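Take a look at the structure first, and then read on.

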4 protein chains.
Amino acid sequence: VSELHKTRRELLDNVIGGTEETTTGVIRLRAMAQDGALQFPVIAVNDAMTKHLFDNRYGTGQSTLDGLIRATNILMAGKVFTVVGYGWCGRGIAMRARGAGANVIVTEVDSMRALEAVMEGFRVMPMHEAAPQSDFIVTATGDKNVIDEPHFAIMKDGCVLANSGHFNVEINIPALEALAVHKHQPRAFVDDFELPDGRRIRLLGEGRLVNLAAAEGHPAAVMDMSFANQALCAQYMFAHHATLENKVYPVPTDIDLEIARFKLEAMGIRIDALSAEQTAYLSSWQEGT
Amino acid sequence: VSELHKTRRELLDNVIGGTEETTTGVIRLRAMAQDGALQFPVIAVNDAMTKHLFDNRYGTGQSTLDGLIRATNILMAGKVFTVVGYGWCGRGIAMRARGAGANVIVTEVDSMRALEAVMEGFRVMPMHEAAPQSDFIVTATGDKNVIDEPHFAIMKDGCVLANSGHFNVEINIPALEALAVHKHQPRAFVDDFELPDGRRIRLLGEGRLVNLAAAEGHPAAVMDMSFANQALCAQYMFAHHATLENKVYPVPTDIDLEIARFKLEAMGIRIDALSAEQTAYLSSWQEGT
Amino acid sequence: VSELHKTRRELLDNVIGGTEETTTGVIRLRAMAQDGALQFPVIAVNDAMTKHLFDNRYGTGQSTLDGLIRATNILMAGKVFTVVGYGWCGRGIAMRARGAGANVIVTEVDSMRALEAVMEGFRVMPMHEAAPQSDFIVTATGDKNVIDEPHFAIMKDGCVLANSGHFNVEINIPALEALAVHKHQPRAFVDDFELPDGRRIRLLGEGRLVNLAAAEGHPAAVMDMSFANQALCAQYMFAHHATLENKVYPVPTDIDLEIARFKLEAMGIRIDALSAEQTAYLSSWQEGT
Amino acid sequence: VSELHKTRRELLDNVIGGTEETTTGVIRLRAMAQDGALQFPVIAVNDAMTKHLFDNRYGTGQSTLDGLIRATNILMAGKVFTVVGYGWCGRGIAMRARGAGANVIVTEVDSMRALEAVMEGFRVMPMHEAAPQSDFIVTATGDKNVIDEPHFAIMKDGCVLANSGHFNVEINIPALEALAVHKHQPRAFVDDFELPDGRRIRLLGEGRLVNLAAAEGHPAAVMDMSFANQALCAQYMFAHHATLENKVYPVPTDIDLEIARFKLEAMGIRIDALSAEQTAYLSSWQEGT
C-alpha cells in the first residue's frame, strides 16, 4: 500500500495540469481552487460551448430517454414526466421527453432557469407538488437528496425514478431503502420498492447515471466534440502550463470555435461568411445610428 | 440652432451615465468605448439575462410572426421559412415559425450558432442555397445587406422579405429598388417589387422592424422585465457613477436575479429552495468523489 | 314583407341541391334529414378531407391565435391555455397555442378524442379543474354553454375567453353579463367584465368567432381548397341532383383527391407514384404471407 | 405431414370467425374477401380507433426510434431522417424522429397524406430526391421495394436503412446484396453493405420490423388497447358469427368507445359529460341559426 501511495504522490508531483469533462467536476475544482487545495492548473473542458451546449443537452437528452425506455419499455406518450434541474442536461432531458409525447414538469431552485422553463411551455412547480402527479421523475442537478423522504411519501403508485446528473446521491436511496417493506427486481436495472401503504416506487440503475447504467451513454457524435476539446486542451496545457496558475481556466475560444467549424464540415454543412463590409459595419459606430 | 447645440452639449456634459436596451446599441457602445469615444459609463441592459433571454427570444419571436401574419395573412403551415441569424432574436423567430407549422431554414456566419441550429433540427445552409426555396426570409443579424442583390436574383416568385433585427439596413433595399421594373402596394405594409423576369418580391414594412411596423411590438409581459432592468440599472448608475469608468458594464447579477424572482411571483409560480445541506454540498469538494 | 317571403319560398322551390361548408352546419342538416325536414340533397363539403383536415385544423389554428394576439397582444409563452373541444378546429388551436409557447389543457366530452389529446402530451381534465388555472380559454365545440356560470365563478383574475367554434353560444354570455358589476372595453374586441369579488373576465369579440371578429379569418391558402370543394361539388350536384335524395352526401372521393393533387402541384411539391408491381402487391394476398 | 395437413384443415373447418391486428393483414383479408377466398367472417381489429390511432402511431413511433437507437446509438439531433409512408405508423415515426431532434422528410404516393405531411412542416419529396440527403430512411408503407436499386445508387455514405412496416419486403434486400462487394456486421442488428464505389449502406435487423428486431416492440401501455379489442371482438364474434358473412367487418363502435373510456379511467383522467341541454342542442336544428 505505501508503495502505491508513494507512486500516487510522485504522479501528482509530476502533473503539469489537467482538464475536466463534467459540470460537477468543475464545480468541485473551483471549490478546491478557492480553498487553495488545487495543485495544478485545470482547463474546464465542460465549459466549452462545443462541450456543454451539445454533450450535456443533446447527448444527455437522447441517452437519458434511451436509458428510461430500455429499462422500462413504458410508453412515454401521455405520461407526466418531471425533470429536476433545468441546466443544460435538464434542458436536453425535458426537450426529449416532450418530443417523446410526455407532459413535462420542471423543478428548479434558480429563478432565472425556472423562468426560462416556464417560457418554454413547461409547468414549473416545487417538488412536493410535482411528486404526487409524476409517472417519471429524473434528476439532473449535481446536488444531493433532491428527491427525498417527504417526496417518497406522496408519490403515485408506480412512479419511476432515475438520475441523469451526478453519482448516485441525487435521490436519497438510503431513505427509500429504509422506508420499503419489500424490494424486488421485475426487470434488469429496475428495483421495485414496496412501501408500507402498498405503493411501489421504481428506481432505475440504482440511482446511478441512467444513460450509462441502462443504455450506452452518449452517442459518438457528441462525444467527438468533447474529446476534441480534451485533446486540444491537453495540447494547450502542455504548451502553456508554465505560465498558468493553480486555477480553473476556460477553454480558449479559438479552440472552441475551431471544433465547431470542424464539426459542421464533418456533417457536410456549409455556412455564410461575413463580407469585409459587414465586418466593418459590426465594429463601427458611425454608420446607421 | 446654436442654442439647441449648446443645450445638447450641456446635457451631455451633465450626463452621469446611461443604460442601453438593444443588442446593436451595445455593439456600437462597445466600439465607441474601444475608440475612447464613450463619454460616460453605460450599463448594457440588453445583456441582462432577464432582458435578452426573454424579450429578444419570446418577445421578438411572437411579435415577428404577428407582424408577418398581420401584413400578409399567409398560412404559415407548410411554408419554407428562412431565418437569417441565430442569435436570441433569430432563435425566437425560428422557434415560433416552426410552432406555426413552417419548415425552417437558418443561415449563420458563426459556426457555434450554426451547429446549435442544426442540432435543433433546423436546416442550415448559405443564403444562396436558402433564397431559391424560401417563401419567407426574415433577418435578425444586426448587420447590413445580409439579403443582397445576388439573392434577389434567385428568389422564388412571391418570396416575402422582412426584417426583425436592426434599422432598415439588413435587406439591401436600394438594390431591390434599382432592380424592380414595377412596384405597388397590394396590402398595407406590403411593397410588391416586380423584377424584369416577372418574379415578384414582397418587402414588409419598408424593411424596418416588422414587429413594430406591422404589429404592436413586444407584448407588455416581456417588456416589463426589460423596463425593470432599465429602472433598477438607472438607480444603480445614479448610486455608483462616481466609481465607474467610461465603459460598458454588465447588469449587476443581483438585479438580474431579483427581476426573475419578481416575475415568477407575478405569474404565481413557486419554486424549490436549496436546503443548507444542499448548498454546502455544492460548494464542497470532500464529499461525493 | 309578404313579397320577400314569397320570393324566398320560390327560391327554395327552385333549389336543386346545396353544399355545406361548416361542421355545425352539417350536424344540423343531418338532424334535418333525420326529421324529414331537408328539402333538397346537400353535399357535406365540410367533410371533404381537403376541407376539414386543412381549413379546420391549420386555418382555424393560425387565425385563432392571430385573433387572440391582435385583440390582446398578450405574450403566449408560459401561459396556461385551455382548448375546449378536440375536434379538427380544437386540434389546430391546441397545436398552434403550444407552438406559440403556451402550456395547453384540453377539455372534451368524447373519450376517444380525450385519449388522443392525452397521447399528444396535452393535459386533459374537466372544465371545472381547467378554469381556475387558465390564462386563456378558447371554445371549439359546436355546442352551447360549454363555458358557463359555475366556471365564471372559479376563473383566475384576468382570464381571457374566446370562441372559435360556433355562433356566439358556446360561452354563456348572458350569464356573464348578469354576474358582472361593471363592464368596459380596454381595447378593441375586448370586453372586460368585473365580477362582484373584483376578478375580471375578458371576453373577445363578443364571443363570436374570434378569428373573424379580431383577425382576418382563414388565410387564402386554406380557403382555396374549401372553395375548390364548393365549386366542384356544385358542379357535381348540378349534374347528379336528379338521382339524389333529400339527404346529406359526402364529397365524392375523386373530387377530394383531385383537389389534393392540384394543391401539391400549386405548391411545387412532387411525390412518388406506385409502380405496377407495387399496386399489384397491395391488392394481392398470395405473396408475402 | 399428411396428418398435420389434415389437422390444419379440420381446424379451419371449425373456425367460426377471426380478428386481425395489422394494417397489412386487413388489406390482404379484404383482397381475399373480394376474391371470394375468405372462408369465415373477420373483424378488422386494426381499424378500431383504439387500435390504429394509438398502437400504430404512438407505439410504432416510440418503439421504432427505440430500435434505431439501440441498434446504432447514433445521435438523432441534426440528422436527416426520411420516413417512407405517412400512414398512422409513418406519422408516429415522423413525430418521434422530429421529437428526437431530426430533420424529417416524408415520401408518399397518396396526395392527401402528402399534403398533410407538408402542412405539419415536414419536407415532402420523391424518394430519388430524399435518398441522397438522408442519414436514416425508415419504411412504413405495407408495400414492397419502396427502397430499391436506383435509391441505393444515390444514397449518402453511411445511410442507415430500417423497416417498421411490413415483413422484410419494403427494402429490396436481394438487390442490395447483389450490389454489395463486402458485407460485415459492426454491431448486433446492423449489416454494413459496402458498394463498389466505397459507400456503405447499413441495414438494420435484416429489414424486418426494427422495433421487434432491435427493441422490445410496442410498450404494454398501447398493446393493452389492442388486446382489449382482440378480446372483446372475439367475444362479439362468438356471439354473432351465425349472422355474419365471410367478409371483413369493422370493430363495433360501442366496443371501441368502451375501451377508450376504460383506458382514460386506468390513467386516472376524468373528462366532462354533455348536459341534457347540450345533447339536445347538438341534435336540433331549430336553435342557433
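**Chain A on its own**

Please keep in mind that this is a predicted model. Chain A has 289 residues, and buried ones make up 57% of them. Its secondary structure comes to twelve helices and eleven strands. If you draw a box along the principal axes, the C-alpha atoms of chain A fill roughly 70 × 65 × 35 Å. Looking at contacts in chain A with a separation of 6 or more, 64% are between residues 24 or more positions apart.

**Two asparagines with positive phi**

N73(A) is not a glycine, yet its phi is positive, at about 50°. N145(A), also a residue other than glycine, has a positive phi near 55°. Where do these two residues sit, in loops or in helices? N73(A) belongs to the loop that links α3 (49-72) to β3 (80-84), while N145(A) lies in the loop between β6 (136-139) and α7 (149-152). Are they buried or exposed? With a relative accessible area of 11%, N73(A) is buried. N145(A) counts as buried too, because its relative accessibility is 13% and the cut-off is under 20%.

| Residue | Phi | Loop in chain A | Relative accessible area |
|---|---|---|---|
| N73(A) | about 50° | between α3 (49-72) and β3 (80-84) | 11% |

**How chains B and C are related**

**Helices packing between A and B**

Helix α11 (residues 253-266) of chain A packs on helix α5 (residues 111-119) of chain B, at an angle of about 45° and with the axes 8 Å apart. That angle makes α11(A) oblique to α5(B), and α11(A) passes α5(B) in a left-handed crossing. On the α11(A) side, the contact is made by D256(A), L257(A), A260(A), R261(A), K263(A) and L264(A). From α5(B) come S111(B), M112(B), A114(B), L115(B), V118(B) and M119(B). Sorted by class, this contact of α11(A) with α5(B) has eight nonpolar, one polar and three charged residues.

**Helices packing between C and D**

The axes of α5 (residues 111-119) of chain C and α11 (residues 253-266) of chain D come within 8 Å and cross at roughly 45°. α5(C) and α11(D) are therefore oblique to each other, and their crossing is left-handed. Here S111(C), M112(C), A114(C), L115(C), V118(C) and M119(C) of α5(C) meet D256(D), L257(D), A260(D), R261(D), K263(D) and L264(D) of α11(D). By class, the contact of α5(C) with α11(D) holds eight nonpolar, one polar and three charged residues.

How values were computed: Residues numbered from 1 in each chain as written. Chains lettered and ligands numbered in written order. Predicted model: local features only at pLDDT ≥ 70, side-chain atom pairs only at ≥ 80, totals over all residues. Heavy atoms only, no water. Axes fitted to C-alpha atoms, helices over the stretch in contact; angles between N-to-C directions. Helix = DSSP H or I, 4+ residues; strand = E, 2+ residues; numbered from the N terminus. Parallel < 35°, antiparallel > 145°, perpendicular 65-115°, else oblique. Left-handed = near helix turned anticlockwise from the far one by under 90°. Contact = heavy atoms within 4.5 Å. Nonpolar A, V, L, I, M, F, W, Y, C, P; charged D, E, K, R; others polar. Buried < 20%, exposed > 50% of the residue type's maximum accessible area, 1.4 Å probe, protein only.
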